[in-house]
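Let's walk through this model together, one question at a time. Have a look at the sequence and the coordinates first.

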Amino acid sequence: DLEAGSDVDVLIDPTRFKQVLSNLMSNAIKFTETGEVSLQLRVNALEAGQLAVCVIIEDSGIGISPEDRQRLFSPFVQAGNDPHAARSGSGLGLVISRSLCEMMGGELQLESKPGVGTRVTVRLEVAVLEALEQN
């Protein structure tokens, strides 16, 4: 059994996980001219030897319109016609991040309001190494 505050080694693809976090944090910072960007990590025990990892990245940036959110996860689609070219993006980072999450057996969800900000939630289930070694 796991206790709160204990260190645990888990089985996760570090390259994919790092890429997802890098893409999402880069987007949050890129599109937040003023305000804040936050990252939360929540971990909950599931069945024996499994943990649910939830990463939440929130920003108070420019947000994404409902129309653009529908199109956004198509590769090579750029969200909106932002007149601020320096802050424009292809949306490819989100597409890649969602694909990587799915490859790791997880999911990526996006909530956003134009002018208010964006919240991206990544959910993954990971195996605790100690539990794997006992089997």
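pLDDT is the predictor's confidence in each residue, from 0 to 100. This is a predicted model, in which local features need pLDDT of at least 70 and side-chain atom pairs count only at pLDDT 80 or more, while totals for chains, interfaces and linings use all residues. Residues are numbered from 1 along each chain as its sequence is written, and side-chain values use heavy atoms, with hydrogens and water left out.

Q: What pLDDT does the protein average?
A: Of the residues, 79% score at least 70. Over residues 81–87, pLDDT stays under 50. The average for the protein is 85.

Q: Which pattern does the protein follow along the sequence?
A: Helices (H or I, at least four residues) and strands (E, at least two) are DSSP runs, numbered from the N terminus. The protein has four helices and five strands. Read along the sequence, the pattern is β-α-β-β-α-α-β-β-α.

Q: Over how many bridges do strand 2 and strand 3 pair?
A: Two strands pair if DSSP finds at least two bridges between them. Leu39 sits in strand 2 (residues 37–45), and its bridge partner in strand 3 is Ile57. In the hairpin of these strands, with four residues between them, Gly49 takes a positive phi near 80°. Strand 2 and strand 3 pair in the antiparallel sense, and the number of bridges is nine.

Q: How much accessible area do Leu39, Leu41 and Val43 have together?
A: Patches take residues with over 30% relative accessible area and no salt bridge, joining like charges within 9 Å and nonpolar side chains (Val, Leu, Ile, Met, Phe, Trp, Tyr) within 5 Å; areas come from the Shrake-Rupley method with a 1.4 Å probe, and for residues only the protein chains shown count as cover. In a regular strand the side chains alternate between the two faces of the sheet. Leu39, Leu41 and Val43 form a nonpolar patch on the surface, and their area together is about 280 Å².

Q: Is Ser97 buried or exposed?
A: Buried means under 20% relative accessible area, exposed over 50%, and partly exposed in between (1.4 Å probe, protein chains only). Ser97 is found in helix 3, and, leaving aside neighbours within four places in sequence, Ser97 is in contact (heavy atoms within 4.5 Å) with Val20, Asn23, Leu24 and Leu108. Because its relative accessible area is 0%, Ser97 is buried.

Q: What distance separates the C-alpha atoms of Ile96 and Gln19?
A: Ile96 is in helix 3 (residues 92–103). At a relative accessible area of 36%, Ile96 is partly exposed. Ile96 and Gln19 are 77 residues apart along the chain, and their C-alpha atoms are separated by 8.8 Å.

Q: Which residue meets Arg119 in a salt bridge?
A: A salt bridge is a side-chain nitrogen of Lys or Arg within 4 Å of a carboxyl oxygen of Asp or Glu. The N to O distance for Arg119 and its partner is 3.3 Å, and that partner is Glu58. The pair links distant parts of the chain, 61 residues apart, with Arg119 in strand 5 (residues 117–128) and its partner in strand 3, namely Glu58.

Q: How many residues apart in sequence are the parts that Glu107 and Arg123 tie together?
A: The side chains of Glu107 and Arg123 meet in a salt bridge (3.8 Å, N to O). Because Glu107 lies in strand 4 (residues 107–113) and Arg123 in strand 5, the pair ties together parts whose separation in residues is 16.
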